[in-house]
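This briefing looks at salt bridges and at the parts of a chain that they link. Look at the structure below before reading the points.

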Amino acid sequence: MTDLTVVILTLNEEENIRYSVGNVIGWAKSVYVLDSGSTDKTVEIAEEMGARVFYRKFDTYARQRNHAIKELPVDTEWMMFLDADEYLTEPLKAEIEAILPQTDKDGFFMKRRFYFMGRWIRHGGYYPVKLLRLFKRKKAHVERDINEHVVVEGKLGELQHDFVDENHKSIHDWIEKHNRYSDFEALELLRHEERMKEGQSDEYARLFGTPPQRKRWIREHLWNRFMPPLVKPWFYFFYRYIVKLGFLDGKEGYMFFMMHAFVMVLPTSVKYYELKRREEKK
């Protein structure tokens with residue numbers, strides 16, 4: 001048994017939770033589910049499979065994760081965040097088992113393997129995406145309410161094997177989820193504009209920092225600053241599908257990058273303009 005605690009955030013994840021909990025129960029010392037008010041069978045399934053379930057009303061992902069780090073009864077040094085639609089490959093499990101007892105690192109980036117409609121999206125810049133998910137609890141916290149990131153005070157390493165992101169929900173749920181995300185993104189775009197007017201910048205964004213910090217820098221200083229909002233969806237699709245070879249992922253790649261451009265990026269721009277108009281009328 002691996003001496004770490006896995007924490008999974010949930011809200012109505014009955015289609016996914018059996019896979020994620022089943023993947024780590026009995027392998028990790030503790031598996032906790034932090035639920036935010038599921039009305040389906042998420043809690044029932046998680047408890048049935050052996051996970052301990054806790055409740056916190058959702059406000060932001062960052063606050064949910066910080067609550068898990070600081071308030072849940074974690075009795076292991078190491079902690080890992082997984083989403084309900086994610087699971088670890090067996091090679092990654094073996095790598096973690098071998099490395100944790102002897103490492104001098106305080107956190108590890110893990111490579112995400114993303115699936116859409118049953119197909120691994122290998123291109124379009126979607127593999128490998130490196131996310132900081134495994135860390136020493138006492139040295140970690142989560143920053144930013146929107147596009148949150150785990151921040152670890154100490155040495156960081158990178159694991160060689162993948163974890164998998166494979167959502168078993170319907171496309172209807174995918175669209176609803178990204179519609180909610182576009183609300184947050186539109187608000188972030190408006191905040192970015194306000195920061196620029198005041199001569200401020202995102203202190204977490206660093207061109208030569210960690211992968212999440214570098215991504216924040218590109219978003220803050222290039223994407224949000226120079227790309228007109230209504231041009232973004234077209235540029236996003238061209239960049240992902242053509243420049244980054246997303247077309248090599250077949251019809252699933254076409255559907256994914258097209259939907260992301262016009263179900264996520266375009267609504268974000270339209271909602272941004274709506275928020276801006278409302279601000280100007282005040």
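In which helix do Arg278 and Glu274 both lie, and how many residues apart are they? Both are in helix H8 (residues 250–281), 4 residues apart, which is about one turn of the helix. The model is predicted, and the count of salt bridges in it comes to 21.

- Arg278 and Glu274 form a salt bridge, with 3.4 Å between the closest N and O atoms.
- Glu274 is partly exposed because its relative accessible area, 39%, falls between the 20% and 50% cut-offs.
- Elsewhere, salt bridges with shared partners join Arg65, Asp83, Glu86, Arg133 and Glu148 into one network.

- Asp83 and Arg133 meet through their side chains in a salt bridge of 3.8 Å, N to O.
- Asp83 belongs to strand E4 (residues 78–83) and Arg133 to strand E8 (residues 129–136), so this pair ties together parts 50 residues apart in sequence.
- Asp83 is partly exposed at 23% relative accessibility, whereas Arg133 is buried at 10%.

- Lys169 forms a salt bridge with Glu13, and their closest N and O atoms are 3.5 Å apart.
- Lys169 sits in the loop between strand E11 (156–166) and helix H5 (171–197), while Glu13 sits in the loop between strand E1 (2–10) and helix H1 (17–24), so the pair ties together parts 156 residues apart in sequence.
- Lys169 has 22% relative accessibility and counts as partly exposed.
- Glu13 counts as buried because its relative accessibility, 16%, is under 20%.

Terms used
Residues numbered from 1 in each chain as written. Predicted model: local features only at pLDDT ≥ 70, side-chain atom pairs only at ≥ 80, totals over all residues. Heavy atoms only, no water. Salt bridge = Lys/Arg side-chain N within 4 Å of Asp/Glu carboxyl O. Helix = DSSP H or I, 4+ residues; strand = E, 2+ residues; numbered from the N terminus. Buried < 20%, exposed > 50% of the residue type's maximum accessible area, 1.4 Å probe, protein only.
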